Structures are given as structure tokens and as C-alpha cells.
Amino acid sequence: MELDSMDEEDRLLALIEGVLVAKIFDWGSKACVDLYNQGTIIEIYRMSRKKMQRPWRIDDFDTFKSRMLKKDQPYKRALISVDNACADVVLGMLPLAREFLCRGVEVVLVANLLPALNDITTIELSEIVAEAAKHCGILRKAAEAGGLIVDAMAGIQDDTKDEPASVPLMVVENGCGSPCIDFRQVSSELAAAAKDVDLLILEGMGRSLHTNLNTRFKCDALKLLLFYSADLFDV
């Protein structure tokens, strides 16, 4: 509701900030775990959002914004590689995926097949999407179109303001059990889903920085990460 009340430009910035701030919830980082003693997840999230200021260390947001706002359907299919479980994906990546769905963009969420540190797996991600779909008509219709949930779900809270989603939301496994990814060696499922992808989003240090910082892709690529520096966080 908070995001939907914003105009397009403010919402897009809030979504990207939300992804970056949600990277704080990384149980694989001692500095992040220590931060949890300062409040609840949502309290820390809102507090950190207030501290998020541009320009960031590497900041191409304006280029991304101009492409997103240029027309109603800026891309045909977005392949989004998610990172950490729990708050990271719920507060960061699902709202971003929802924005693409609202713009008529097919969304493929990509997660690990096997556990690695606190990275989410495809089984867990599918369950989270199904649970979120009970509270959001946009996610529900897209998940139905993508075969993630059945048409009739008990206990759905539907928002009458939600517009029908005519594009699918899918979840595929990358064939990995590592915080990193080598796109030369992925699952056949991911390779098939990558057909017609014109936007790739990589989240997290392992996939964005350690293994693909200088990788040049044939489509637009957005790399989102929070670097844990001496000052705790850098984006």
C-alpha cells in the first residue's frame, strides 16, 4: 500500500532502495547479525531506509529509471536471481518483481537448487511466493499464470485495487549450491527460461561482485549489492 501510493519515479527509487536495505538481513554476516540486537526486522528496515542516500558507490539508477519509465512495458521478460532467505526476498525482491508484473513484464525468479549459507532455495521461494499471493492479487494472478499455485486458494485476501496480471511469475532453480553463479554452467531449466530475457537482475555480492562484476551480458543487466565495509554498509 505504501509503494502503490507513490508516483512512478518515487516508487522505483523506493523499490531499489528496498532491495539494497533488505540486504542487511544476511545471517551469513556477523556485522549484520549484531545489528539485529537493535530492534525488530521491520524497525531495522525502516531505520536503514532513512539512512539510504544517493549517490551510491556505483550508481546507474538514473539510466535504469529512464528505461523503466520510457514506456508502459519496458521489458518483455526479467530474470531475477535472488539471494538471501526471509526478509531479504520478502521486503526486497518480491516488491520489485511485483512492479515488473504490474508493467506487463514476465518475471522469472531464480534461486539455488541446494542450500548455501543462508541463501534461499527454490522450494522455499515457491512457498514464500504462494504465501505472499494470499495477500496480493497481483502476485496471485501472476503465480497462477506461472503455474506456482492453483486457481482457487483458501483464505485469500484480495485487493480490489489490484489490476489483473496477464503475465506469469515463475520460479526456477539455477542448478547451483553456492552463493556464486557461473552462467556457463546452469540448469537446463534456467537455460530454457532465459530465452527472450531482455533484463537480468543479479542480487548479492556472490553473484554480482565475486563472479559477474565485469561480465558483459547480451541484455540489460542490473547488479544490486550491499558491500559490507569497515563502515558496515556500502552500496
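This is a predicted model: local features need pLDDT of at least 70, side-chain atom pairs count only at pLDDT 80 or more; totals for chains, interfaces and linings use all residues.
Residues are numbered from 1 along each chain as its sequence is written. Local features need pLDDT of at least 70, side-chain atom pairs count only at pLDDT 80 or more, totals for chains, interfaces and linings use all residues, and side-chain values use heavy atoms, with hydrogens and water left out.

**Exercise 1.** State how many helices and strands the protein chain has, and give their pattern along the sequence.

*Solution.* Step 1: helices (H or I, at least four residues) and strands (E, at least two) are DSSP runs, numbered from the N terminus. Step 2: the chain contains 9 helices and 5 strands. Step 3: the pattern along the sequence is α-α-α-α-β-α-β-α-α-β-α-β-α-β.

**Exercise 2.** Find what share of the residues of the protein chain is buried, and what share of its contacts joins residues at least 24 apart.

*Solution.* Step 1: buried means under 20% relative accessible area, exposed over 50%, and partly exposed in between (1.4 Å probe, protein chains only). Step 2: 49% of the 235 residues count as buried. Step 3: a contact means heavy atoms within 4.5 Å. Step 4: among contacts between residues at least 6 apart in sequence, 64% join residues at least 24 apart.

**Exercise 3.** Describe the salt bridge of Arg98 and Asp4, and explain why it ties together parts 94 residues apart in sequence.

*Solution.* Step 1: a salt bridge is a side-chain nitrogen of Lys or Arg within 4 Å of a carboxyl oxygen of Asp or Glu. Step 2: in the pair of Arg98 and Asp4, the closest N and O atoms are 2.9 Å apart. Step 3: Arg98 lies in helix H5 (residues 87-102) and Asp4 in the segment before helix H1 (8-22), so the pair ties together parts that are 94 residues apart in sequence. Step 4: Arg98 is buried, because its relative accessibility is 16%, whereas Asp4, at 41%, is partly exposed.

**Exercise 4.** Work out where Glu144 and Arg140 lie, and whether they are buried or exposed.

*Solution.* Step 1: Glu144 and Arg140 form a salt bridge, with the closest N and O atoms 3.3 Å apart. Step 2: both lie in helix H7 (residues 137-145), 4 residues apart, about one turn of the helix.

**Exercise 5.** Say how many salt bridges the structure holds, and which residues are linked in a network.

*Solution.* Step 1: the structure has 20 salt bridges. Step 2: the network links Lys23, Asp83, Asp88, Asp119, Glu203 and Arg207.
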